[in-house]
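Colleague: Hi! I'm new to this one, could you walk me through it?
Modeller: Happy to, let's open it up.

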Amino acid sequence: MRRTLQHPARLVPLAFLGAVVVGTLLMMLPAARVEPGATPFVTALFTATSAVCVTGLAVVDTATYWTGFGQVLLTVLTQIGGFGIMAMATLLALLVSQRLGLRSRLMAQAEDSSLLLGDVRRVLGRIALTMATFELAITVVVGARFWLAYDYPIGKATWYGLFHAVQAFNNAGFALFSDSLVGFVDDPWICVPLAIGVIAGGIGFPVLFELYREIGTPSKWSTHTRLTVFGGIVLLIFGFVSLLGLEWDNPGTLGPLGVGEKILAAFFQDTMTRSGGFNTVDVGAFHTESLALSTALMFIGGGSASTAGGIKLTTFFLLAYVILAELRGEPDVTIGKRRIAESTQRQAMTVALLGVGLVATGTFALLEATTGVSFEDALFEVTSAFATVGLSTGITPGLPHAGQLILVVLMFIGRVGTIAVGSAIALNTQRRLYRYAEERPIVG
């Protein structure tokens with residue numbers, strides 16, 4: 001047990017498992033449910049896992065099923081999950097990159113070492129301050145909009161603003177409306193702040209902190225920050241333009257909207273595929289091509305050490321550079337004026353292939369456990385669970401318990417798996433003092 005708790009690659013899954021267990025027990029309390037009696041175990045487990053893993057998938061209507069106490073529990077679990085993800089992932093990333101000093105570098109070699117207390121406090125304090133700042137700003141704007149434009153009482157408006165601000169920055173996606181945010185499809189004062197919160201939470205604390213220090217000097221940005229920022233912008237523009245074109249005349253989504261409303265809805269929905277989980281149009285009415293595009297964007301996800309899921313932007317674009325170098329016949333993979341270590345390339349390949357394997361296995365299992373579910377809907381739902389996005393075509397509430405438990409496992413593995421696997425690979429690197437004879441199998 002001592003060795004397990006001291007190794008970060010083992011500590012992360014245990015910490016999130018503990019939070020899920022406690023959250024499940026709390027969600028089962030009769031006080032958390034509107035109807036009399038305790039919440040069924042599978043419903044409580046699914047909801048707690050979705051909250052702690054900041055996914056946002058739901059098997060019941062959040063607005064009508066849970067009491068005020070239950071909704072507060074959702075908020076707290078989401079905040080704990082989001083903070084835990086950013087804190088643990090950031091500390092692991094700094095640990096692996098050897099940026100916390102000699103004491104921390106020794107931890108990568110010996111399991112009984114520990115981070116300097118001052119380093120941990122400083123990092124956690126900055127993360128907490130960053131989260132609080134963004135969530136407070138979003139709460140003020142969205143809450144004021146509910147109060148001034150929709151005549152909500154100031155207390156209710158503040159609560160609705162806070163709830164959705166926490167969900168946005170933590171990239172969860174639970175909403176206090178039965179149709180998510182469909183009723184606000186044309187309201188930029190609701191959609192834009194929440195989209196900004198999703199983007200900020202999905203960038204990752206290391207990038208946010210570096211941007212804060214070097215926002216005016218991109219030439220000083222690290223390779224990680226460049227990949228995250230520029231790669232995120234590229235995918236955001238690509239997804240927005242593609243979704244706008246594909247859904248422009250779809251009567252079930254963007255078709256009935258005006259030009260400005262279509263642009264806002266396409267931008268918002270494209271942003272949500274990065275792990276946001278809200279929706280202002282009916283995702284289940286998407287064209288097949290739009291579902292495929294959204295599935296791909298969800299699988300890629302957001303930035304490392306962020307509240308977003310997926311295989312991460314750096315993994316995707318690093319592999320793109322690996323392919324480009326191979327096609328050019330270059331001996332090294334270079335980004336800008338930096339050569340990427342072969343170990344990092346292998347880590348990216350491992351994370352990506354494990355992600356593909358999990359999604360493929362999950363889709364097959366979901367199709368086996370259910371009847372009447374199409375392949376594209378199953379693939380979309382599985383990818384949404386693995387990438388902790390929370391978007392749904394509407395099939396999740398109707399799935400049998402076996403199907404819902406498959407999604408629970410995928411949400412948990414997708415949330416902690418890539419962090420744990422990535423750190424385990426990086427922290428357990430062993431160098432042989434010899435090399436075997438080289439052989440080149442035929443590839444392709």
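Colleague: Let's start with Phe146. Is Phe146 buried or exposed?
Modeller: Phe146 counts as buried because its relative accessibility is 1%. Here buried means under 20% relative accessible area, exposed over 50% and partly exposed in between, with a 1.4 Å probe and protein chains only. One note before we go on: this is a predicted model, where local features need pLDDT of at least 70, side-chain atom pairs count only at pLDDT 80 or more, and totals for chains, interfaces and linings use all residues. Residues are numbered from 1 along each chain as its sequence is written, and side-chain values use heavy atoms, with hydrogens and water left out.

Colleague: Got it. How many aromatic pairs are there?
Modeller: The count comes to 16 aromatic pairs. Rings of Phe, Tyr and Trp (its six-membered ring) pair if their centres lie within 6.5 Å; planes under 30 degrees apart count as stacked, over 60 as edge-to-face and the rest as tilted.

Colleague: Why is the pair of Phe146 and Tyr152 stacked?
Modeller: Their ring centres are 5.2 Å apart and the planes meet at 10°, so the pair is stacked. Tyr152 is buried too, at 16% relative accessible area.

Colleague: And what do Phe177 and Phe184 form?
Modeller: Those two make an edge-to-face aromatic pair, 5.0 Å centre to centre with 65° between the planes. Phe177 is buried at 15%, and Phe184 is buried at 6%.

Colleague: Which residues do ring pairs link into a cluster?
Modeller: The cluster holds Phe146, Tyr150, Tyr152, Tyr160, Phe177 and Phe184.

Colleague: What sits over the ring of Tyr152?
Modeller: That's the charged end of Lys156, 4.7 Å from the ring centre. The rule asks for NZ of Lys or CZ of Arg within 6 Å of the ring centre and within 35 degrees of the ring normal.

Colleague: New topic. Where is Ser50?
Modeller: Ser50 belongs to helix α3, which covers residues 41-52. Helices (H or I, at least four residues) are DSSP runs numbered from the N terminus. Ser50 is buried, with 0% relative accessible area.

Colleague: What does Ser50 touch?
Modeller: Leaving out residues up to four places away in sequence, Ser50 touches Thr55, Gly56, Leu57, Phe174 and Met411. Contact means heavy atoms within 4.5 Å.

Colleague: And how far apart are Ser50 and Gly173?
Modeller: They are 123 residues apart in sequence and 9.6 Å apart in space, C-alpha to C-alpha.

Definitions and conventions:
Helix = DSSP H or I, 4+ residues; strand = E, 2+ residues; numbered from the N terminus.
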